Amino acid sequence: MSSEQPVPSRFEEDLQFREKPGGPARYQDWTEKPVQYFTVVDKESGTALGYLWAGDEDDAAAYEPRQAGGPRAVNAGIAWISRLRDGKARGLRPTQTLAELYADAEPRGRTRPLPGSLTDAPSAAAVEALAKDA
């Protein structure tokens, strides 16, 4: 009789990941249609970290970190993306969510919208280009 335990066959199978339906509600993350956007800044220093944009025609909205902002700009997007998902889950159009977030007097986290920065762009690509050049 052997003292070794047999190895279950499942340990020899390849690990496969399969996406399940469902998950959090989210807007599309790209559009070629016109969008509205505002600048996201650090609450303390006022440094521009990124841009939050939204467009109703393609049900799209996303956060675009400023390349010059480095990891801080990327990390700032986590809270904004969460807020966009919350707006989608409540059934709001992307620009409704954007307007709500822009008007929020005391947003959570260490960032806030830059007052007077809500404006229009011809597409998400224009906002992305702005984030790379800034």
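**Labels and their cut-offs**

Author: The side chains of Arg90 and Glu100 meet in a salt bridge, at 2.4 Å from N to O. This is a predicted model: local features need pLDDT of at least 70, side-chain atom pairs count only at pLDDT 80 or more, and totals for chains, interfaces and linings use all residues. Residues are numbered from 1 along each chain as its sequence is written, and side-chain values use heavy atoms, with hydrogens and water left out.

Reader: Why is the contact of Arg90 and Glu100 called a salt bridge?

Author: The term needs a side-chain nitrogen of Lys or Arg within 4 Å of a carboxyl oxygen of Asp or Glu. Arg90 and Glu100 are at 2.4 Å, N to O. The pair therefore passes the limit of 4 Å.

Reader: Which parts of the chain does this pair link?

Author: Arg90 is in the loop between helix 1 and helix 2, and Glu100 is in helix 2, 10 residues away. Helices (H or I, at least four residues) and strands (E, at least two) are DSSP runs, numbered from the N terminus. Salt bridges with shared partners also join Asp86, Arg90 and Glu100 into one network.

Reader: What makes Arg90 and Glu100 partly exposed?

Author: Buried means under 20% relative accessible area, exposed means over 50%, and partly exposed is in between (1.4 Å probe, protein chains only). Arg90 has 43%. Glu100 has 36%. Both values therefore belong to the class in between.

Reader: How many salt bridges are found in the whole structure?

Author: The search finds seven. One of them joins Asp59 and Lys88, with the closest N and O atoms 2.5 Å apart. Asp59 lies in the loop between strand 2 and strand 3, and Lys88 in helix 1, so the pair ties together parts 29 residues apart in sequence. Asp59 counts as partly exposed at 25% relative accessibility. Lys88 has 25% too, and counts as partly exposed.

Reader: How do you know that Glu64 has no salt bridge?

Author: The nearest side chain of opposite charge, Lys132, is 6.7 Å away. Lys and Arg count as positive, Asp and Glu as negative; His and the chain ends are not counted.

Reader: Where is Glu64, and what does Glu64 touch?

Author: Glu64 is found in strand 3. Five of the six residues of strand 3 are buried. Contact means heavy atoms within 4.5 Å. Residues up to four places away in sequence aside, Glu64 touches Gly50, Tyr51, Trp53, Val127, Glu128 and Ala131.

Reader: Which side chain does Lys132 meet in a salt bridge?

Author: Lys132 meets Glu128 at 3.3 Å, N to O. The two are four residues apart in helix 3 (residues 124–133), and thus separated by about one helical turn.

Reader: What makes strand 2 and strand 3 a pair?

Author: Two strands pair if DSSP finds at least two bridges between them. Strand 2 and strand 3 have six, in the antiparallel sense. Leu52 has Tyr63 in strand 3 as its bridge partner, and Gly50 has Pro65. Strand 1 and strand 2 also pair in the antiparallel sense over six bridges. Seven of the eight residues of strand 2 are buried, so strand 2 is largely enclosed by the rest of the structure.

Reader: Why is Trp80 called buried?

Author: Its relative accessible area is 0%, and the class needs under 20%, so Trp80 qualifies. Trp80 is found in helix 1. Leaving aside neighbours within four places in sequence, its contacts include Phe38, Val40, Leu52, Tyr63 and Leu101.

Reader: Which residues touch the most other members of the largest nonpolar core?

Author: A nonpolar core is a set of buried Ala, Val, Leu, Ile, Met, Phe, Trp, Tyr and Cys residues joined through side-chain atoms within 4.5 Å. The largest has 14 residues, of which Phe38, Val40, Leu52, Tyr63, Trp80, Leu84 and Leu101 touch the most other members. Strand 1, strand 2, strand 3, helix 1 and helix 2 each supply at least two residues of this core. Helix 1 gives the largest share, four residues. A second, separate core of 10 residues includes Tyr51, Ala60, Ala121 and Ala131.
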